[in-house]
Amino acid sequence: MAEMGSKGVTAGKIASNVQKKLTRAQEKVLQKLGKADETKDEQFEQCVQNFNKQLTEGTRLQKDLRTYLASVKAMHEASKKLNECLQEVYEPDWPGRDEANKIAENNDLLWLDYHQKLVDQALLTMDTYLGQFPDIKSRIAKRGRKLVDYDSARHHFESLQTAKKKDEAKIAKAEEELIKAQKVFEEMNVDLQEELPSLWNSRVGFYVNTFQSIAGLEENFHKEMSKLNQNLNDVLISLEKQNGSNSFTVKAQPSDNVPAKGSSPSPPPDGSPAATPEIRVNHEPEPATTPGATLPKSPSQSSLPAVVVETFSATVNGTVEGSSGPGRLDLPPGFMFKVQAQHDYTATDTDELQLKAGDVVLVIPFQNPEEQDEGWLMGVKESDWNQHKELEKCRGVFPENFTERVQ
């Protein structure tokens, strides 16, 4: 019996919600047709416009900041590879080898420190700033619904009062419902009237602090990096001075198929003077060449350094093009990428996902792109998908800034 009672309460609540939605829809239709007046608050509407603008600007700043951080990470990796190359070509008996290795280590640490400070002082602050918008956005939407409820109750009360045949009991009940609807609306309205202007004014200080942090961190980074580069330059100058009497010769090679400019289409036979000139890199004056002297024989092409070209395959829908790995049949249709919830999110409507920090969500496209709101994504929790494999039961929308992309 207790179970039946519980189900009865749930069914009653669903029926009540359906009736509310129906009443609101009817009221909105009457207002659009001009058959019912609508409560207007131009000052509040301006606050909502400012809120939407602020959210759009903040979302764009967050996106560009993440792109900047990705670029810093890529530059760090490129710089690390370049220093590794220097360490490999720097022969053990050359002076300054230990100093060059130490500079490379400090270079790596400097990049790591710069990236981490950008995350701590800019990105996390950005995420906290945007974290307050989803709750306020849902409350603005709820205020709109409660305003429609208030207008509907007001119109119902007025219609009963002006009816030819008055029913005092119905009028009293309608008045009670009107007072209740008005109280609920005004409580939400007062809170938002105070919060929205305050949030709007906070944007100036937030933008100033964010860009000052980024500018200061970048300035210090380049100062420290400049010192390391100067130290490396000093090491290389010392190496150059101690090996300045040596002549490093690099000889260009004729191609098997394309002749060098100005030469015969056929390569010179073995034992004959090479037609390709010798290129010298010297730090001392070159002795005068005796007219008519024969140039050295060209070495084989195998003596030239090989050029290694790394090709990276593009990643499409979580798989590498051209790879022989398994397909993606275990993921929902249209799967784009994965995100992980960084904060708890309480759903405020039936079409939203309830998230806990750590939940992994498989992001999919909206069936109708026009229904996508700025800053919101469509997806299905990975745990729900693995259990049910049914999009209709599991999918829902969620705020993007509560999550972080992981794949």
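In the predicted model, Arg 139 forms a salt bridge with Glu 195, in which the closest N and O atoms are 2.6 Å apart. Because Arg 139 belongs to helix 4 (residues 133-162) and Glu 195 to helix 5, this pair ties together parts that are 56 residues apart in sequence.

Across the whole structure, a search finds 14 salt bridges, among them the pair of Arg 66 and Asp 127, whose closest N and O atoms are 3.7 Å apart. This pair links distant parts of the chain, with Arg 66 in helix 2 (residues 42-89) and Asp 127 in helix 3, 61 residues apart. Arg 66 is partly exposed at a relative accessible area of 26%, whereas Asp 127, at 13% relative accessibility, counts as buried.

Helix 3 (residues 97-131) packs with helix 5 (residues 168-242) at an angle of about 175°, their axes lying 10 Å apart, and the two helices are therefore roughly antiparallel to each other. The contact of helix 3 with helix 5 comprises 18 nonpolar, 7 polar and 5 charged residues.

Strand 7 (residues 376-381) and strand 8 run antiparallel and are joined by 4 bridges, with Met 378 standing opposite Val 397 in strand 8. Strand 8 (residues 396-399) is covered on both faces, since Gly 396 and Phe 398 on one side, and Val 397 and Pro 399 on the other, are all buried, that is, under 20% relative accessible area.

Conventions
Residues numbered from 1 in each chain as written. Predicted model: local features only at pLDDT ≥ 70, side-chain atom pairs only at ≥ 80, totals over all residues. Heavy atoms only, no water. Buried < 20%, exposed > 50% of the residue type's maximum accessible area, 1.4 Å probe, protein only. Pairing = 2+ DSSP bridges. Axes fitted to C-alpha atoms, helices over the stretch in contact; angles between N-to-C directions. Parallel < 35°, antiparallel > 145°, perpendicular 65-115°, else oblique. Nonpolar A, V, L, I, M, F, W, Y, C, P; charged D, E, K, R; others polar. Salt bridge = Lys/Arg side-chain N within 4 Å of Asp/Glu carboxyl O.
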